[in-house]
Structures are given as structure tokens and as C-alpha cells.
Amino acid sequence: MKLNTRHFGEINIDESKIVVFEEGLPGFEDLTRFALFHDESEARNPEDSDAQEISAGGVFLWLQSIDDGETAFVLLNTFLFMPNYNPNLEEGALDSIGECDPDDLIIRNIAVIPDKLENMTVNLCAPVVINAATLKGKQVMVTNKEYHVRHRIIQEAREAM
């Protein structure tokens, strides 16, 4: 399937790898279908990637809406910079994405990357969780009080490198 996007132009979407967010994302409830990819080349050639590669690593992922080519989110692998990040969830918070092995969970945080990189923030309060086995996702609120919506992560990133 071809999709015209704001950030990448026309890309190819492998329909068998579409991630469904049944409830959408907060503020974007009407957008329920998304593609995950690391970069533009992966978006243009989706047959070269799979869900296992996505779960295996990388600093950033794009979460591109299939329903609206103008909407995409940058997801950060926070664990690379904050190995002690431990989002606590209410019991049953992930029931809608299906049963899974913990190794099948992709947990990422939405990042905002402004012109000045040192002002980059990440939402630690509401990680995006994707079940790679069922291709279902959900953005969930954590119960941890120490995490913030606009956490400046650049210091942790510098220390990790």
C-alpha cells in the first residue's frame, strides 16, 4: 500500500505489519492504524524489515499514521539512556493488546525534538507499548509519580554516549 506522508513523501506500507491502536492515541483517537519504521529507507522498502528488528533496538522509531499521512510521532528507546526507567502500570492496562511474552513488548516514549537538540523532551508518563506478536498497541499512563510529561533527556543521552 502506498501512503503520502508529510515527513517522508510517498512510502510503501506493508499491510501485514500495520500496528493497531484500538483506542487511538490520546488526542488522536480517530487514528488507529500505524506503521513503525526506523528511517526513510525502511519506510520505502518495508519488505526489508520485520517486527523483530523493530523490537531489537535503535534509538528512534517513527510511528506513522496510516489514517493520516500528516501525522507521525518520534519514539525514543528511553532504556538506552535511562536503564533504570521502570514504568509501573495499573493492573489490566495492557489487556487490550493481547497476551504476550515480555520479549514481544516494544516500549517507547514519544519524543519532541525541537531545533535546539538540547531542548529535546520525552514523555515518561505515557509510554507507547506495542505487542510485536499481535501488532496491537496502546499508549498507557504510568503510576510512577517521579516521571514527567516533558522530561529533558539530553543529559542522560550525553552520559550514555
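This is a predicted model: local features need pLDDT of at least 70, side-chain atom pairs count only at pLDDT 80 or more; totals for chains, interfaces and linings use all residues.
**Exercise A: strand 4 and its cover**

Work out how many of the residues of strand 4 are buried, and find which strands are joined to strand 4 by bridges.

*Solution.* Begin with the terms: a strand is a DSSP run of E with at least two residues and a helix a DSSP run of H or I with at least four, both numbered from the N terminus. A residue is buried when its relative accessible area is under 20%, exposed when it is over 50%, and partly exposed in between, using a 1.4 Å probe and protein chains only.

Residues are numbered from 1 along each chain as its sequence is written, and side-chain values use heavy atoms, with hydrogens and water left out.

Next, look at the partners, remembering that two strands pair if DSSP finds at least two bridges between them. Strand 3, residues 19–20, is joined to strand 4 by two bridges and the two run antiparallel, with valine 20 standing opposite arginine 33. Strand 5 is joined to strand 4 by four bridges, again in the antiparallel sense, and here phenylalanine 34 of strand 4 faces serine 65.

Describe how strand 1 and strand 2 pair, and say how many residues lie between them.

*Solution.* First, locate the two strands, which are residues 2–5 and residues 9–12. Second, read the pairing: strand 1 and strand 2 are antiparallel and share four bridges. As one example, asparagine 4 has glutamate 10 of strand 2 as its bridge partner.

**Exercise C: the nonpolar cores**

Find which residues of the largest nonpolar core touch the most other members, and which strands each supply at least two residues of that core.

*Solution.* A nonpolar core is a set of buried Ala, Val, Leu, Ile, Met, Phe, Trp, Tyr and Cys residues joined through side-chain atoms within 4.5 Å. The largest such core has 16 residues, and those touching the most other members are Phe21, Phe34, Leu36, Leu63, Leu75, Val128 and Ile130. At least two residues of this core come from each of strand 4 (33–37), strand 5 (60–65), strand 6 (72–76), strand 7 (105–112) and strand 9 (128–131).

Now follow one member in detail, where contact means heavy atoms within 4.5 Å. If residues up to four places away in sequence are set aside, leucine 63 touches Phe21, Leu25, Phe34, Ala35, Leu36, Thr71, Ala72, Phe73, Leu75 and Val128. There is also a second, separate core of 14 residues, and among its members are Val74, Tyr85, Ala111 and Ile153. As background, nonpolar side chains in soluble globular proteins tend to be buried together.

Why does methionine 141 count as exposed, where does leucine 135 lie, and what does arginine 152 touch?

*Solution.* Methionine 141 sits in the loop between strand 10 and strand 11. It counts as exposed because its relative accessibility is 57%. Apart from neighbours within four places in sequence, methionine 141 is in contact with Asn88, Leu89, Cys125 and Ala126, and its C-alpha atom is 8.5 Å from that of alanine 93, which is 48 residues away along the chain.

Leucine 135 belongs to the loop between strand 9 and strand 10, and has a positive phi of about 55° although it is not a glycine. For comparison, most residues other than glycine have a negative phi.

Arginine 152 is part of strand 11, residues 151–152. Not counting residues up to four places away in sequence, arginine 152 touches Glu118, Asn119, Met120 and Thr121; the C-alpha atoms of arginine 152 and methionine 120 are 5.9 Å apart, although 32 residues separate the two in sequence.

**Exercise E: the whole chain**

State how many helices and strands the chain has, and what percentage of its residues count as buried.

*Solution.* Counting elements gives three helices and eleven strands, arranged along the sequence as β-β-β-β-α-α-β-β-β-β-β-β-β-α. Of the 161 residues, 45% count as buried. Finally, among contacts in the chain with a separation of 6 or more, 63% are between residues 24 or more positions apart.
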